[in-house]
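The sequence and structure come first.

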Amino acid sequence: MYTIKLFLFIAPLVISSRTDQDYTSLDSISPEPKSRFAMLDDVKILANGLLQLGHGLKDFVHKTKGQINDIFQKLNIFDQSFYDLSLQTNEIKEEEKELRRATSKLQVKNEEVKNMSLELDSKLESLLEEKILLQQKVRYLEDQLTNLIKNQPQIQEHREVTSLKTLVEQQDNSIKDLLQTVEEQYRQLNRQQSQIKEIENQLRRTGIKESTENSLSSKPRAPRTTPSFHLNETKNVEHDDIPADCTIIYNQGKHTSGIYSIRPSNSQVFNVYCDVKSGSSWTLIQHRIDGSQNFNETWENYKYGFGRLDGEFWLGLEKIYSIVKQSNYILRIELEDWKDKYYTEYSFHLGDHETNYTLHLAEISGNGPKAFPEHKDLMFSTWDHKAKGHFNCPESNSGGWWCHDVCGENNLNGKYNKPRAKAKPERKGGICWKSQDGRLYSIKATKMLIHPSDSENYE
């Protein structure tokens, strides 16, 4: 470009110089050789300018050619990227179709589970009605037995009473077993239904996200599952090398919190969670953290345990008793409300199933409010197994607990309220403890742990 401008600037000068020389040659008398040499100089200048112009045009052509090649290369890259994007879009569409098919299958399965749940509900209601009728018949038979005892001889009385009692007990036991089986199946169906709904929601959210973005995305992750620990399962094996509780496990050099197998004296092998703190290991017997486990369970489940050892659980009254009957133990209760954390330690004694696992304790230390009344015999009750003289406290407050004279002041196995319950009836029906100033507090997390009072001499 610069060469063209130079040529345009030089060309008029050369032409004007030639015309001037022509005019001067006509006006003045100059020798013929001088005029010829002047024309040769003009030609050289013009030729030089044309040469420079040619070089400039050549450079311009080379640059233009290089730019055109770059443009073609970019166009090729763009075409390839567009082709790859179309392939990935097709793959995403195929995955979306698969997700829709899976969602439709899950919906069908969900409907089947709902139908089964309705059938179980109807069966459960019919069984409850049959139970009520049988209870009425049992009362009638008891009245008849009373009359037979009064009016008939001793030998006949004994035979008829024994046969009637045996028949009634067998029917009652069969009904109880059937009810427990139906309730367990109902709970399993509810858990499966909630899992199906969660998977279905995850698949639906993943499909919507991929279809709206219409771009590169990763494949949806499968829902994460966590292995469960069934507390009601015990191992019918005998191993002399299995420790009796978490303290012995700690003394053997295992200083990490986790799930371990123990076998107390005269008991079977079962799993517990050992919580290591302050240079010792405590056996965790109850844990509440997020409300994932329903604690409004039956007497049978509170007796043998329920939940997950790596989450929320109740170890089981029978297992707790098998541990604490070996030695003197300390009960530690850790409470966490929506602001602070507290703990209280008690020396305690726990009775067996014949005493409704009566609890008697005395406070040793702590910085929190009292979770139990001291120096009283507290009997354990549930909604289907009420301790004598304790009215309907478990049924009104939810969850099994050691009841005393006043209902609802302390219950660490109540319904989990989240977020923090503000109304008094809600606080009273949930996990709560009553402070010294008389106010009810809703609890966010709880732990109940046991530890030998003399761990150095305990073997």
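Is Cys246 buried or exposed? Cys246 is buried, with a relative accessible area of 0%, where buried means under 20%, exposed over 50% and partly exposed in between, using a 1.4 Å probe and protein chains only. The model is predicted, and local features need pLDDT of at least 70, side-chain atom pairs count only at pLDDT 80 or more, and totals for chains, interfaces and linings use all residues. Residues are numbered from 1 along each chain as its sequence is written, and side-chain values use heavy atoms, with hydrogens and water left out.

**The disulfide**

Cys246 is joined to Cys274 by a disulfide, with an S to S distance of 2.0 Å; the criterion is a pair of cysteine sulfur atoms within 2.5 Å. The count by this rule is 1 disulfide. The link connects distant parts of the chain, 28 residues apart: Cys246 belongs to helix α4 (residues 246-251) and Cys274 to strand β2 (residues 270-277). Helices (H or I, at least four residues) and strands (E, at least two) are DSSP runs numbered from the N terminus. The link of Cys246 and Cys274 is left-handed, with -80° about the S-S bond.

| Cysteine | Relative accessibility |
|---|---|
| Cys246 | 0% |
| Cys274 | 1% |

Cys274 also counts as buried.

**Asp245**

Asp245 sits in the loop between α3 (154-213) and α4. Asp245 is buried yet has no salt bridge, and the nearest side chain of opposite charge, Lys254, is 12 Å away. A salt bridge requires a side-chain nitrogen of Lys or Arg within 4 Å of a carboxyl oxygen of Asp or Glu; Lys and Arg count as positive and Asp and Glu as negative, while His and the chain ends are not counted. The side chain of Asp245 does make a polar contact with that of Tyr329, at 2.8 Å (N or O atoms within 3.5 Å, one able to donate a hydrogen and the other to accept it).

**Cavities and pockets**

The whole structure has 2 cavities of 30 Å³ or more. On a 1 Å grid, a cavity is where a 1.4 Å probe fits but cannot get out, a pocket is an open set with protein on both sides within 12 Å along at least five of seven lines, and lining residues have an atom within 4 Å of a point. The second largest cavity holds about 50 Å³, and its lining includes Ile285, Phe348 and Trp402.

The second largest pocket holds about 620 Å³. Of its 23 lining residues, Lys131, Asp172, Lys176, Gln180 and Asp384 lie nearest its centre. The largest share of this lining, 9 residues, comes from α3.

Note on methods. Grid points are joined across faces, edges and corners, and a volume is the space filled by probe spheres set on the points.
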